[in-house]
Amino acid sequence: MSQLPDESPLSTGRGRHARARRWLQQPDDDPYGGLDDIWAEPTGREEPYDAFYDDAFYDDDLQEMDPDMVEHFDEAAEAQYHARRRRSPWIRWGSLLVALVVVVAGGYFAFGAVSGMLPTFAGGGEEVEDYSGPGTGEIVVEVPEGAGGATIARVLAENDVVASADAFTAAAAVEPESTSIQPGSYRMAEQMSAEGALERMLDPEYREVSAVTVREGLWKEEVFAALAEGTGHEVSDYEAVDANEIGLPAAADGEMEGYLFPDTYSFGPEDTPTQQLSDMVELGETKYAELGLRGEQLDTALVKGSLIQAEGAFSDDLPKIARVIENRLDEDQPLGFDSTIHFIYSERGRAGTTDAQRESDSAYNTYTLTGLPPGPINSPGLAAIKAAIDPAQGPWLYFVTTNPDTGQTKFAVTFKEHKKNVQEFQRWCRNNRDAC
């Protein structure tokens with residue numbers, strides 16, 4: 001007779017006899033002779049498993065069981081054991097499947113319970129409060145700089161443009177273009193549907209902005225005039241701005257000239273002249289930091305950059321003009337730039353200067369004084385500033401724009417060569433007397 005595995009419960013002494021007695025009491029029509037109970041823990045009793053086999057259930061007489069009966073019992077138990085082992089993979093897979101169903105079902109009902117507590121967005125959950133229709137009246141809503149979707153939704157709800165922030169958030173969540181909403185002022189209606197409010201904010205027609213281009217090389221007064229024309233403010237509004245309130249760097253020494261960075265700006269109707277000038281200074285600070293310019297180094301770069309910007313017509317000429325500045329400073333020669341004379345007299349439209357102008361006692365007169373002017377003479381762009389900190393290599397000491405109409409500029413190493421170039425400029429002036 002084959003032996004049961006060591007781990008079989010039938011291999012234990014008292015447990016084997018106790019179970020045997022239970023097996024003997026099974027009805028005859030049980031095909032397994034009650035052996036199903038051999039593998040199951042007893043039910044209907046409060047005692048722990050081990051207590052089921054205590055001495056109260058131990059029958060000493062059973063130890064005297066007929067050997068044939070015991071052998072019959074062992075054979076039947078062994079057959080049942082192996083039958084269960086053969087069936088066990090299916091049972092195990094069935095148990096896993098049932099467990100999986102329970103987990104999935106539990107997760108589904110748990111999500112249903114939790115989702116009801118979350119904010120409702122487009123696609124499901126309880127309905128959010130929302131208006132219907134295009135709304136009435138008109139209201140200007142300001143989207144602040146750096147505002148994200150949640151802030152925009154809150155601003156609209158606070159101004160009663162939409163019924164709730166959640167309604168707008170839900171509409172924006174299914175519209176990919178919603179991320180393109182820009183800061184600025186928007187003409188909206190009151191009590192609009194969230195979808196209608198989103199459509200209007202994505203329509204450029206309803207965004208109120210003043211796009212102002214401040215080009216490179218403008219004097220401070222010219223910057224003020226450009227801003228006034230583009231935003232509807234008065235030039236005097238900009239002149240009244242306190243320079244200490246716009247975030248000027250220490251290198252500016254309280255002077256705006258040269259530190260109002262040239263670029264195209266979008267200003268809303270709520271942006272004051274102080275805010276506009278602050279934005280220009282802030283953008284400049286960012287650009288200068290990217291070039292590693294700070295302190296006295298920044299001031300020097302802007303002074304040189306403003307001279308280069310004023311004298312150069314083409315980007316290719318800017319690094320060469322920067323080299324002329326360096327070479328003349330090294331030789332302790334006056335720079336002799338007409339652009340500084342034009343700055344002193346706030347005069348545009350003339351290619352040259354007069355003898356009387358060149359005798360000005362201004363600290364900005366580069367004909368009579370050596371070195372750099374005390375400050376920038378305009379707001380230089382990035383190209384001119386980069387040229388100032390990285391001049392071209394060359395021996396040039398002179399240059400002149402021989403044809404102001406085309407911007408053609410000629411460079412010279414010797415004064416003799418320079419005189420020939422100046423004569424060429426003078427011929428142009430004779431043909432364009434109103435411009436010289």
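At what angle do the axes of helix H6 (residues 220–231) and helix H8 (residues 273–290) cross, and within what distance do they come? In this predicted model, the two axes cross at roughly 125° and come within 12 Å of each other. The crossing of H6 with H8 is right-handed. On the H6 side, the contact is made by Val-223, Phe-224, Leu-227 and Thr-231, and on the H8 side by Gln-276, Leu-277 and Met-280. Sorted by class, the residues of this contact are five nonpolar and two polar, with no charged residue.

For helix H4 (residues 165–173) and helix H5 (residues 194–201), the angle is about 60° and the axes are 8 Å apart. This angle makes H4 oblique to H5. H4 passes H5 in a right-handed crossing. From H4, the residues in the contact are Ala-167, Phe-168, Ala-171 and Ala-172, and H5 supplies Ala-194, Glu-195, Ala-197, Leu-198 and Met-201. Eight residues of the contact of H4 with H5 are nonpolar, one is charged and none is polar.

A further pair is made up of helix H10 (residues 318–330) and helix H12 (residues 382–389), which pack at about 40° with their axes 8 Å apart. H10 and H12 are therefore oblique to each other, and their crossing is right-handed. Leu-318, Pro-319, Ala-322 and Glu-326 of H10 meet Ala-383, Ala-384, Ala-387 and Ala-388 of H12. This contact has seven nonpolar residues and one charged residue, but no polar ones.

Next come the strands. Strands of a sheet pair through backbone hydrogen bonds, in either a parallel or an antiparallel way. Here, three strands form an open sheet in the order S1-S2-S3, and their pairing is antiparallel. Strand S1 (136–143) and strand S3 (207–208) are the edge strands, each pairing on one side only. Six bridges link S1 to strand S2 (residues 184–190) in the antiparallel sense. Within this part of the sheet, Val-140 stands opposite Arg-187 in S2.

Another antiparallel pair consists of strand S6 (residues 398–403) and strand S7 (residues 408–412), joined by five bridges. Asn-403 has Gln-408 in S7 as its bridge partner. S6 and S7 form a hairpin with four residues between the strands, and in this hairpin Gly-407 takes a positive phi near 80°.

How far can each part of the model be trusted? The protein chain has an average pLDDT of 80, and 71% of the residues score at least 70. Residues 1–65 have a pLDDT below 50, and this stretch has 81 contacts in the model beyond near neighbours in sequence. Over residues 107–124 the pLDDT also stays under 50, and the model has 11 contacts for this stretch beyond four places in sequence.

Terms used:
Residues numbered from 1 in each chain as written. Predicted model: local features only at pLDDT ≥ 70, side-chain atom pairs only at ≥ 80, totals over all residues. Heavy atoms only, no water. Pairing = 2+ DSSP bridges. Helix = DSSP H or I, 4+ residues; strand = E, 2+ residues; numbered from the N terminus. Contact = heavy atoms within 4.5 Å. Axes fitted to C-alpha atoms, helices over the stretch in contact; angles between N-to-C directions. Left-handed = near helix turned anticlockwise from the far one by under 90°. Nonpolar A, V, L, I, M, F, W, Y, C, P; charged D, E, K, R; others polar. pLDDT = per-residue confidence, 0-100. Parallel < 35°, antiparallel > 145°, perpendicular 65-115°, else oblique.
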